[in-house]
Amino acid sequence: MNNIDIVFIIICTIFVFFMTPGLALFYGGLVRRRNVVGIMEQCYVSIGVVSVLWAIWGFSIAFGADKCGIIGGGSFMFLRNVGVEANAGLVPNLPLVLFFVFQLVFAIITPALIAGAVAERMDFKAYCLFIGLWVLLVYSPIAHWVWGGGFLSKMGVIDFAGGLVIHLSAGISSLVAAIVLGARKRMDFTPCNMAYVSIGAGVLWAGWFAFNSGSALAANAAASLAVCNTLLSSGAALCVWLAVSWVCCHRITLLDSLIGGIAGLVVITPMAGYVQPTLSLPVGAIGAVACFFAIRAREKFGYDDTLDVWALHGVGGALGVALAGLFADPTVAPAAGLLYGGSRQLLLQLTGVAAVAFYSVIATFIILKAINMVTKLRLSPEYEDIGIDASIHKEALYYKD
């Protein structure tokens, strides 16, 4: 084991964990004021639900001994065999328990992302059931396919920090959930507090450096490259988003800057340690254009993805995985992209996108329909009018003296 790597991953784990409170603040500023407490609680409850389930079963599904390329075995259930010793097959340089908790903070924030798509109308009990089932039946198997020795990794699909595992799975599941639940009674996309949005986005942005660099699982050159590419891609995306917004909407807003930056963060994630810095700039620019027009597609087709989770994470994640098939540099990546003569890698990446998207759609739909047989998915019309804060949580964002 390597003590420098251990310290580095501990720090990254703390920063990635802090992204979930950042997401709560970011989402809280984007919804209407009567639902701020509710959306924040939906983010925070993921910490409890996912931590318990990850320890009991999820980590073993994702990283246990491979079973037919589809799922991990039961070797790590209830944290059996997860201790301070290294595991030569997974992380020879780290205690396995540290790898467990580093992967846990990824697993916590991923289902919390979906809260943004169903904001202001999903019943809290149904939401808790959903994220529990989703992290076990969708997230954990996909993590095994890509990172745990499953069939996608055996095929040669590459995903540095979660374009498939995190962003595409959550993004496309968000679209399914938004469609199944139906639109809100009044579709309002006006943020209630831009200060919350700005601070939350800043926390997410800072955490993303640990999110991407920590995925190298060592304090090494790949982690350094990931830090650089993360900032360059997000900066390029911010600039391009503002330019596109000015051309299409004749305006420049703070929200445009923040959403543009996040688009760049999402699209670089699958290749953060696999491409040269000069290519992170066009990657961010392409991601900004794609995600910008994906949001406009929501306006055109009328589905109510409240906080545009699909447009940012689904589209951005899929695009990033595909672009890795073009730009992956074999001197720093395990495979060569098309730009470097890797004629098959783009096809492999697109296969990974198709597999994860198809499975996420089917599994999410089944989970939602199964929950609806047990308890209602949506708030009642009366509760939706009152807001989640008062009707479900009996709390308010502000109290009068």
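Glutamate 120 counts as buried, at 3% relative accessibility (buried means under 20% relative accessible area, exposed over 50%, partly exposed in between, with a 1.4 Å probe and protein chains only). This is a predicted model, in which local features need pLDDT of at least 70 and side-chain atom pairs count only at pLDDT 80 or more, while totals for chains, interfaces and linings use all residues. Residues are numbered from 1 along each chain as its sequence is written, and side-chain values use heavy atoms, with hydrogens and water left out.

**Two residues with positive phi**

- Glutamate 120 sits in the loop between α3 (96-114) and α4.
- Its phi is positive, about 75 degrees, although glutamate 120 is not a glycine.
- Phenylalanine 78, also not a glycine, has a positive phi near 55 degrees.
- Phenylalanine 78 is placed in the loop between β2 (71-72) and β3 (86-87).
- With a relative accessible area of 61%, phenylalanine 78 is exposed.

**Overall fold**

- The protein has 14 helices and 4 strands; helices (H or I, at least four residues) and strands (E, at least two) are DSSP runs, numbered from the N terminus.
- The radius of gyration is 20 Å, close to the 21 Å that the globule rule gives for 401 residues, so the protein is as compact as a globular protein of that length.
- That radius is taken over C-alpha atoms, and the globule rule is 2.2 Å times the number of residues to the power 0.38.
- The C-alpha trace spans about 55 × 50 × 40 Å along its principal axes.
- Of the 401 residues, 60% count as buried.
- Among contacts with a separation of 6 or more, 76% are between residues 24 or more positions apart; contact means heavy atoms within 4.5 Å.

**The nonpolar core**

- The largest nonpolar core holds 136 residues, and Tyr27 and Tyr139 touch the most other members.
- Such a core is a set of buried Ala, Val, Leu, Ile, Met, Phe, Trp, Tyr and Cys residues joined through side-chain atoms within 4.5 Å.
- Helix α4 (residues 124-147) gives the most to this core, with 15 residues.
- Not counting residues up to four places away in sequence, tyrosine 139 touches several residues, including Trp54, Phe106, Trp134 and Ile166.

**Valine 275**

- Valine 275 lies in the loop between α9 (254-268) and α10 (277-301).
- At 0% relative accessibility, valine 275 counts as buried.
- Leaving aside neighbours within four places in sequence, its contacts are Leu225, Asn229, Ile268, Phe327, Ala328 and Val332.
- Valine 275 and leucine 323 are 48 residues apart in sequence and 10.0 Å apart in space, C-alpha to C-alpha.
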